[in-house]
Amino acid sequence: MQAKTTRDALYADAVAAHGAALERLGRSYELDPDKRRDLLQEIHLALWRSFAGFASQCSLRTWVYRVAHNVAATHVLRQRRHNVRALVSLDALEAMPVDVDPEARVDRRNALDQLHALIHRLDPLEREVILLYLEGLDAATIGEVTGISPSNVATKIHRIKKILAGRFRQGGHV
Amino acid sequence: MNNDIPADDLRTLWQSQNTEAFRMSLDEMRSRVERLSWRAQRLNVFGTLIFAASIIGCLWWLTLVRAFMPRLGAILTIAGVGVTLWQTRANYLAERRATRAAVESGLVAVDFHRAQLERQRDFHRGWRFWSRLLVMLPGPLMFIAGFGLEYPHLRPIIALEVLTFFALGGVAIAMNRRAVAIYEHRLGELERMKG
């Protein structure tokens, strides 16, 4: 099979394989629908441009996630001055008390909303790790995308699981 | 009823979100590149016009100053402000170019964030910081000294202004050193993440 090396072909392949993941990523970095559309356009444009320099130095998936998250992180940092609430690390999120409402029920209908609310508290690098974990990537691949060492990735994934377990029990709110 | 949602179920839930099939055609891509390029040029022209208008405004203010030393001090102050504005704008444009290049080179996140933090740190230290500070020194001092020579009865007030000027300089140095320390701390955290 002839290797596809043109920028346009690579972009088409990337969108076909990872377009849905990019949309979920966009939703995780921007709640406002209009701004999210702008962010997705920036991501797609950056991806398309980046393929001019892509020489299979990593897998297509890894490259897509690297470019997309870096665009999104830049977007978050630009918007930061308008945000009232500071972004936090996983450590800080883990230490925050969980509001317990015995009347509330965490069901699948509002679980996604709560998950988004939790993710939007995180600073960009921590957000990237949790998003890649939710996308089903293993620790080694998360390390390849983020540059974080495997042991640190494993620690963060352990913390993520603990945070998710604590906040998605009965009555838990993020 | 057990309302716990295991982490694996959350992953499944996450990946099964409805998406809107966002797409951009290649023509839309190229059109956006052209629009961005035109917008960058327009911002460049606008920034240059604002800069020129500021300098002209300051030069007009010079006409109100008669004596040689205050006039020379005013000219040096305007030049200092101009250099500072130019350096700040150049840094902003360089940051945008560097960010775009870093994004499109497929850098891992840690290296991407590290490069950004290093650029921001370097803006607050070394020759770039001291050049901004020192270029603002001679003009106001000369202006104030010349004013003091012209109006001897105002020297106590002028002495207070000189002290205030140096105090503000000290505050600027302290604030920039603090900014550098914050960036260094965050860079250290990034390095520890790499293991």
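Is Arg30(B) buried, partly exposed or exposed? Arg30(B) counts as partly exposed, at 36% relative accessibility; here buried means under 20% relative accessible area, exposed over 50%, and partly exposed in between (1.4 Å probe, protein chains only). The points below set this residue in its context.

1. Basis of the note. This is a predicted model, in which local features need pLDDT of at least 70 and side-chain atom pairs count only at pLDDT 80 or more, while totals for chains, interfaces and linings use all residues. Residues are numbered from 1 along each chain as its sequence is written, chains are lettered from A and ligands numbered from 1 in the order in which they are written, and side-chain values use heavy atoms, with hydrogens and water left out.

2. Fold of chain A. Chain A contains eight helices and two strands, where helices (H or I, at least four residues) and strands (E, at least two) are DSSP runs numbered from the N terminus. Along the sequence their order is α-α-α-α-β-α-α-α-α-β. Of the 174 residues in chain A, 53% are buried. Among contacts in chain A with a separation of 6 or more, 72% are between residues 24 or more positions apart; contact means heavy atoms within 4.5 Å.

3. Nonpolar core. The largest nonpolar core has 70 residues, a core being a set of buried Ala, Val, Leu, Ile, Met, Phe, Trp, Tyr and Cys residues joined through side-chain atoms within 4.5 Å. In soluble globular proteins, nonpolar side chains tend to be buried together. The residues with the most contacts inside this core are Ile43(A), Leu47(A), Phe51(A), Leu115(A), Ile130(A) and Ile142(A). Beyond its neighbours within four places in sequence, Ile43(A) contacts Leu22(A), Leu25(A), Ala68(A) and Val71(A).

4. Extent of the interface. Chain B contributes 45 residues to the contact and chain A contributes 59 residues. About 4800 Å² is buried between the two chains, with carbon and sulfur atoms giving 59% of that area; buried area is the accessible area (1.4 Å probe) that two parts lose on being put together, summed over both.

5. Polar pairing and make-up of the interface. Between chain B and chain A there are 17 residue pairs in polar contact, both residues at pLDDT 80 or more. A polar contact is a pair of N or O atoms within 3.5 Å; within protein, one must be able to donate a hydrogen and the other to accept it, and residues adjacent in sequence count only if both atoms are side-chain atoms. On the side of chain B that touches chain A, at least two residues each come from α1 (7–15), α2 (26–62), α3 (68–104), α4 (109–123) and α7 (155–194) of chain B. Helix α1(B) gives the most, with eight residues. By class, this side has 21 nonpolar, eleven polar and 13 charged residues; Ala, Val, Leu, Ile, Met, Phe, Trp, Tyr, Cys and Pro count as nonpolar, Asp, Glu, Lys and Arg as charged, and the others, Gly among them, as polar.

6. Salt bridges between chains. A salt bridge is a side-chain nitrogen of Lys or Arg within 4 Å of a carboxyl oxygen of Asp or Glu. The rule finds 14 salt bridges over all chains and two across the interface of chain B and chain A. Arg30(B) pairs in this way with Asp8(A), the closest N and O atoms being 3.1 Å apart. The pair crosses from helix α2 of chain B to helix α1 (residues 7–29) of chain A. Asp8(A) is partly exposed, with a relative accessible area of 26%.

7. Salt bridges within chain A. Arg78(A) and Glu42(A) form a salt bridge at 3.3 Å between the closest N and O atoms. This pair links helix α3 (residues 60–79) to helix α2 (residues 33–50), its residues being 36 residues apart. Arg78(A) is partly exposed at 38%, as is Glu42(A) at 25%. Glu126(A) and Lys156(A) form another salt bridge (2.8 Å, N to O). Glu126(A) lies in helix α6 (residues 124–134) and Lys156(A) in helix α8 (residues 150–167), so the pair ties together parts that are 30 residues apart in sequence. Glu126(A) is buried at 6% relative accessibility, and Lys156(A) is buried at 9%.

8. Helix α5 of chain A. His116(A) lies in helix α5 (residues 108–119) and is buried, with a relative accessible area of 9%. Not counting residues up to four places away in sequence, His116(A) touches Arg27(A), Ser28(A), Trp14(B) and Gln17(B). Ala111(A) is also placed in helix α5 and is buried at 0% relative accessibility.
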